[in-house]
Amino acid sequence: MSYPHTVRLRRALLPVALAAGAGPCFAEAFAGTEADQTVVITAQKAPDTIENAPSSHASVDATAIAATVNATNVEDALKYLPSLVIRKRHIGDTQSPLATRTSGVGASARSLIYADGVLLSALIGNNNTSASPRWSMVTPQEIQRIDVLYGPFSAAYPGNSIGAVVNITTRLPDRLEATASVGTSLQTFRQYGTVRDLPAFRIGATVGDRMGAFAWFLSADHVDSKSQPLAYITAPRTTGGTVTGGYDDVNRTGAPIRVLGAGGFEHQRQDNLKLKLAFDLTPDVRLSYIGGLFLNDTVATAQSYQHAAAGNPAFTGAYNSNVYLYDERHWSHALSVKGDGKAFDWEVIGTLYRFSHDVQRTPTGTLPAAFDSGPGNLTRLDGTGWGTFDAKGAWHLGPQTLSFGAHWDAFKLDSNRYATAGWREGGEGALNLASRGRTRTAAVWAQDAWTIAAPLTLTLGGRYEWWHAFDGFNFSASPALTVDQPSLSAARFSPKASLAWAPSAGWKLTASFGRAWRFPTVGELYQVVTTGSNLAVPNPNLRPERATSEELAIEHKGIRLSLFNEVIDDALLSQLAPLNGGPLLATFVQNVDRARTRGVELAFDKPNILPRLDLSGSVTLVDPKIVADAAFPAAIGKRPPQVPRRKATLVATYRLDGAVSLTAAARYSSRSFGTIDNSDAITHTYQGFENYLVADVRAVVKLSGNWSLAAGVDNLTNRKYYLFHPFTQRTFTGEVNWKF
């Protein structure tokens, strides 16, 4: 860096540092000028890449995110894209799975999330808890654009692409640049006996430069947030006793309950550090490294609505699982070499994600004394993680583009729970529960996109995969269990086909077919099931899901209409069934014979639909149904869990001039079910899945120089709703942004 550059950067950074010292806050990079505004793009084909995917596509760029979204976490940037739902319970939530147009929030392994080629999907499970994507490895100020591919129509991706593939691209500077952003938010939460104002603060900064063939980029982000309760403690409704207080209600099946208190009030302190390095070996060949570190310190506590005769709080229910500590340190690494040429493009990339340190601590003693100390459990996931390797290329042969590649991945689950004499800081005692295992997949794929004639493009592809699960082990101290699980292997072929017809300018019609095999995850294979005092391990010989998907998409000048159908044979769902063929019933993952989902999706993007007014949105209607289930006949004819029939989004942005933009947005979903037999008839209660209509607003003002301000409100009308958990209520945001 030259001396004048250094002086100029230091002078510009000084006021930002002073502003940041006033309080720990964060905000996104401000949107560019009016000419830069791009809200949402819907198209039949993603930007040209080696994968050359023929899937329906939607995208959003950094300019649009800054102008339209109160994006305090990276997953917020997707919340207005067609058919997608992110179950983000609060700012800094580490359990935010992605739901697509055919799968619910409990099917995290039916979608893929990448950032610069690094897999963020935690394919160690298929749930909305520990297997949620690792969004925290990316911060909003890094984003250049996000592209979403719908359906398993590309041979370049594994069967986990059944629902969608999300590709996040982050920035790499071409010159000296720096950003800083600070902000705050405040949620006002009022429900039952909980009345709290819950703040969150963030601060983020980036700096980068290019010096000849070498480019570098640094990003740092810190969050400090407090959440609403993530759970309510309930019990069957009774009368009498010396404990008073609580609230009468009904549970999701309609049974009368008493709400005794609330739990899972999370106070999180998180840090994200990112380093990107790139060196151009030749004008056409680039060597890149990306390293990321995520740190999380979470303290969760509980509140009782009840009081004993003496007037002190009484904790008479099952509070302990909602009182915990998390201490996490996760690393991500990626090394790649990429070549771009007129006739041939290629890339080789290897990635590694590791739970270097991941500990959860929970008390087992009686509250409130156990808040401070006492016995408990300590669960370690240290060593859990995954690695991937891909080598791929694309030949451009006039009217044809031939893409091909090889893939390898390995996933490891290493979960060990120990007793401890001091749940807050005590060391490991005796091992009382363990679940371990590995999976490995190798694959080769090829795809040929051939322009038969000017209006017709035929894309044919196929993917062959070899899958292996091994080293499965389960242990329980009480009830006693020690079992080494058998190894499993499978080899499957997935054909793909797509035909696109462009009869005239602005029109495009695409018919697509894809088969995809989604292999069981480690968590699905080797989970321990406990029923009362009995413990058993279900048959670990789960079969892979087979998805057969079709789509007919019509596109015309920013409007896309898609008709889609999906049939999944041997669907991997959690359901009630006999354990090991015996009389005991439990809920665990099994193969459901067949589920099908058909529907229609309308997506549109109309910039300047009126002078200075941009309008975009989507409507999705689906008909999901379980059509065969020999293990649990009560589920036949019912809807798969957490798949609503209707979803919609609408985003309107008005640009007063080049310096001010105003956005109003809305998200809608009809109700869904949490149980496979749809027995949860009550929606507005803890563990219910209800409909919601949430409105958001945002205003951005560009000041003179490099400064901008933004303010917004999420859930403007204060809609109180449940998606199993109680969700965030009205939240105010404010931001200060700076760019150099």
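The largest share of the lining of the second largest cavity, 3 residues, is contributed by strand S15 (256-282), where strands are DSSP runs of E of at least two residues, numbered from the N terminus. In this predicted model, local features need pLDDT of at least 70 and side-chain atom pairs count only at pLDDT 80 or more, whereas totals for chains, interfaces and linings use all residues. Residues are numbered from 1 along each chain as its sequence is written, and side-chain values use heavy atoms, with hydrogens and water left out.

The second largest cavity has a volume of about 200 Å³. Of the 20 residues that line the second largest cavity, Asn73, Trp135, Ser136, Gln270 and Phe294 are the closest to its centre. Strand S11 (214-226) and S15 each supply at least two residues of this lining. By class, the lining of the second largest cavity divides into 7 nonpolar, 7 polar and 6 charged residues; here Ala, Val, Leu, Ile, Met, Phe, Trp, Tyr, Cys and Pro count as nonpolar, Asp, Glu, Lys and Arg as charged, and the others, Gly among them, as polar. A cavity is defined on a 1 Å grid over the protein atoms alone as a set of points where a 1.4 Å probe fits but cannot get out, and lining residues have an atom within 4 Å of a point. Grid points are joined across faces, edges and corners, and a volume is the space filled by probe spheres set on the points. By this rule, the count comes to 11 cavities of 30 Å³ or more.

The largest cavity has a volume of about 600 Å³ and is lined by 39 residues, of which Asp76, Lys79, Lys88, Arg667 and Thr728 lie nearest its centre. Its lining divides into 16 nonpolar, 14 polar and 9 charged residues. Among the strands that each supply at least two residues of this lining are S9 (177-191), S10 (194-211), S11, S34 (646-657), S35 (660-669) and S40 (731-739). Strand S35 also holds Ala666, which at 23% relative accessibility counts as partly exposed, given that buried means under 20% relative accessible area, exposed over 50%, and partly exposed in between, with a 1.4 Å probe and protein chains only. Ala666 and Leu716 are 50 residues apart in sequence, and their C-alpha atoms are 9.7 Å apart in space.

Side chains of opposite charge can pair when their charged atoms come close. The structure holds 37 salt bridges, each being a side-chain nitrogen of Lys or Arg within 4 Å of a carboxyl oxygen of Asp or Glu. One of them joins the side chains of Lys276 and Asp116 at 3.7 Å, N to O. This pair links distant parts of the chain, with Lys276 in strand S15 and Asp116 in the loop between strand S5 (111-115) and strand S6 (118-119), 160 residues apart. Lys276 is buried, with a relative accessible area of 6%, whereas Asp116 is partly exposed at 22%.

A salt bridge is also formed by the side chains of Arg438 and Asp471, at 3.5 Å, N to O. Here the link runs between strand S23 (residues 431-453), which holds Arg438, and strand S24 (residues 456-476), which holds Asp471, the two residues being 33 residues apart. Arg438 counts as partly exposed at 32% relative accessibility, and Asp471 likewise at 48%.

The side chains of Arg645 and Asp623 meet in a salt bridge of 3.3 Å, N to O. Because Arg645 lies in the loop between S33 and S34 and Asp623 in strand S33, the pair ties together parts that are 22 residues apart in sequence. Arg645 is partly exposed, with a relative accessible area of 31%, and Asp623 counts as partly exposed at 25%.

The elements that give two or more residues to the nonpolar patch are strand S30 (545-556), strand S31 (559-578) and strand S33 (613-628), and S31 gives the most, with 3 residues. Leu621, found in strand S33, is partly exposed, with a relative accessible area of 41%.

Note on methods: Helices (H or I, at least four residues) and strands (E, at least two) are DSSP runs, numbered from the N terminus. On a 1 Å grid over the protein atoms alone, a cavity is a set of points where a 1.4 Å probe fits but cannot get out, and a pocket is an open set with protein on both sides within 12 Å along at least five of seven lines; lining residues have an atom within 4 Å of a point.
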